[in-house]
Amino acid sequence: MSETVSANGMDSETFDQFIDQLERYVRERLLPAEKEVIANDRVPEDILSEMKDMGLFGLTVPEDYGGAGLNTRQYAQVVRTIAYAAPAFRSIFSINVGMFNSAIKNGGTDEQKAEWWPRIAAGEVACFGLTEPGSGSDSAAMQTFAKPDPDGNGWILNGTKRYITNAPHADVGLIMARTEKDALPKNAHVSAFIVPMDTPGVSVGSADEKMGQAGSHVADVMLDDVHVPGDALLGGETGQGFRFAMQSLDNGRISVGAASTGYARRALDSALKYANERQAFGEPIANFQLIQQMLAESWTEIYAAEAMMADVTARVDRGEDTIKHAAAFKAFASEMCGRVVDRVVQIYGGAGYLAEYDAERFFRDARIYRIYEGTTQILQLQIAKRMLREYANM
Amino acid sequence: MKILVPVKRVIDYNVKPRVKADGSGVDLANVKMSMNPFDEIAVEEAIRLKEAGKAEEIVAISVGPAKAQETLRTALAMGADRAILVETDDEVEPLAVAKILKAIAEEEQPGLVMLGKQAIDDDSNQTGQMLAALMQRPQGTFANTVEIDGDSVIVKREIDGGLETVKLTMPAIVTTDLRLNEPRYASLPNIMKAKKKSLDVKTPADYGVDTAKRLTTTNVAEPPVRQAGEKVEDVDALVMKMKALGIA
């Protein structure tokens, strides 16, 4: 069986056919279900099961393991397409096809691939546990500890993970834990464990209240003397966890960039419709040039983000180093989405501030895109760091 | 039992059609095309019959340009077992399609031919009926429900003012109406599997059918633009207005 995700991805005819179906699914099923998602703060069960049947949970899993084997360009297109609807629909499968899949691909043993790829492709929900109450990307401060079981049967994990997307729904978590007391160079004190969420000792806190993104859930994951077998250690060796996590970051950033781009397009379409319907001074407000400026600026920026997405994903598929490009795309697309949803509220005017209309929801939902998977500021630091290093090496 | 499901590639139902400047038809250049929605309902119904153990094989058929292969691939991704494209670049009319379908039915010997009641491009609503006449087999048009009962098919038909139930001896022709079912979305795994299903390409000549046009389109025009309404103060004013317009 082939283990690497093909850079060629799926043949274009099949992929186009799928995108066609997906666009229709978004329009006919997901958009009409948004109000229900918001009212109940959850993705309805029937839609969840349809999404699993459609193959969305295994988009990036190789074909031989029950997935679709999409390349990065195709994967980003799917994310952008589905992100046209409320963010909860993307969120529920985003860890499966993003961080979790990527960690298994980069670090998993053959047995781990054979075990977990088919399961996540079939719709088992994954979560990814790196952040803690007192640490995030600074792994030196990580408190969650895995120590070898004194009886020689695997590992015992203790600690708390924070802001874990999908934790309340997850079937499996990839948990980062330190396997060394002292911080080691290259974060070699951190290892990654595949932990089924029904393992005794795993508990999930109540979902955090959020500004937006109704229906997608974030919660703490508590690990209290959680026993896992030896083969739960990702890659079968300690000290690799942080590296696997970092290798998944470009992928996660591209996903958020694609989601920002799709949602900006949605907000703009909504504003375009509103501007044509809303009358002032006896004519549609779309006739006014200052409204037109906001529409045109938004369209232009979305186009720029789409062009960046096409470029960065092509680079990933060619195997280039994309840390700078992925960071730049994510930072630009998320900030762009923030500007677009702000203009959309402005175009809606008074109605833009009312919960009855969609504009204020777009505004709240989009805010997180500038924060998670790396804030704009941390991404800017990374881009500049890379630029300066390249300059020094010239 | 085998079910034949003819499907037509038409302008997508979400696209706003534009009439060509010379009034000769609808402009299809760079326009999104999809499976005729009524045919999609027919495919779905055939799949449901197969899933219920009432049918063994579903053969999707399309008569049209090479691009109609995409439409057939959609039918295969939904769950049809194999497909036949009768390729022609001619604009085919219901009678020619019905003749081709009759020839295929003679080869395939299906228990049912299930197709949309009409295609949303020309709204002819003729192919199913013409096929029934050519095959000299019973027809159940505008199906609202379809139920297999031994050697017969029971079709509830949507007619003015209600539903009419007919029982047809198979082989029979059923044309599907909007409320029969809600077609499924083809899943990615099934789209991938559909690539491996067989799709035969034939020509009208293979079936001895001449697709030359029998009908002439004299003009195609946009519907008249709706006139703006008028607000009235109260019911009395409304009645006055309606009387003045001669509609009350």
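A cavity, on a 1 Å grid over the protein atoms alone, is a set of points where a 1.4 Å probe fits but cannot get out, and lining residues have an atom within 4 Å of a point. Grid points are joined across faces, edges and corners, and a volume is the space filled by probe spheres set on the points.

The model is predicted, with local features needing pLDDT of at least 70, side-chain atom pairs counting only at pLDDT 80 or more, and totals for chains, interfaces and linings using all residues. Residues are numbered from 1 along each chain as its sequence is written, chains are lettered from A in the order in which they are written, and side-chain values use heavy atoms, without hydrogens and water.

**First stop: the cavities**

By this rule there are 2 cavities of 30 Å³ or more. Begin with the second largest cavity, which holds about 50 Å³ of space. To find it, select B:Glu93, B:Leu95, B:Ala96, B:Lys99, B:Asp210, B:Thr211, B:Ala212, B:Lys213 and B:Arg214, which line it. This lining divides into 3 nonpolar, 1 polar and 5 charged residues; Ala, Val, Leu, Ile, Met, Phe, Trp, Tyr, Cys and Pro count as nonpolar, Asp, Glu, Lys and Arg as charged, and the others, Gly among them, as polar.

Proceed to the largest cavity, with about 290 Å³ of space. Of its 24 lining residues, B:Lys8, B:Asp39, B:Val97, B:Ala119 and B:Thr127 are the closest to its centre. Next, colour β4 (57–64), α3 (94–108), β6 (112–116) and α4 (127–135) of chain B, each of which supplies at least two residues of the lining. Helices (H or I, at least four residues) and strands (E, at least two) are DSSP runs, numbered from the N terminus. By class, the lining of the largest cavity has 10 nonpolar, 9 polar and 5 charged residues.

**Second stop: the sheet of chain B**

Show the strands of chain B in the order β9-β8-β7-β10-β6-β1-β4-β5-β11: they form an open sheet of 9 strands with mixed pairing. Two strands pair if DSSP finds at least two bridges between them. At the edges are β9 (162–169) and β11 (199–202) of chain B, each pairing on one side only. From one strand to the next, the twist averages 30°.

Within the sheet, select β6(B) and β10(B) (residues 172–176), which run parallel and are joined by 5 bridges. B:Leu112 has B:Ala172 in β10(B) as its bridge partner. Then select B:Pro171, in the loop between β9 and β10 of chain B. A cis peptide bond, with omega about 0°, joins B:Met170 to B:Pro171.

Select helix α7 (residues 249–277) and helix α9 (residues 323–348) of chain A, whose axes come within 8 Å and cross at roughly 20°. Axes are lines fitted to C-alpha atoms, for helices over the stretch in contact, and angles run from 0 to 180 degrees between N-to-C directions. The angle makes α7(A) roughly parallel to α9(A), a class for angles under 35 degrees, with over 145 roughly antiparallel, 65 to 115 roughly perpendicular and the rest oblique. Their contact has 22 nonpolar, 5 polar and 3 charged residues.

Now select helix α2 (residues 45–54) and helix α4 (residues 88–107) of chain A, whose axes come within 11 Å and cross at roughly 50°. That angle makes α2(A) oblique to α4(A).

Finish at A:Asn187, in the loop between β4 (172–178) and β5 (190–196) of chain A. Phi of A:Asn187 is near 55°, a positive value in a residue other than glycine.

Notes:
1 Å grid on protein atoms, 1.4 Å probe; cavity = no way out; pocket = protein on both sides within 12 Å on 5 of 7 lines; lining within 4 Å.
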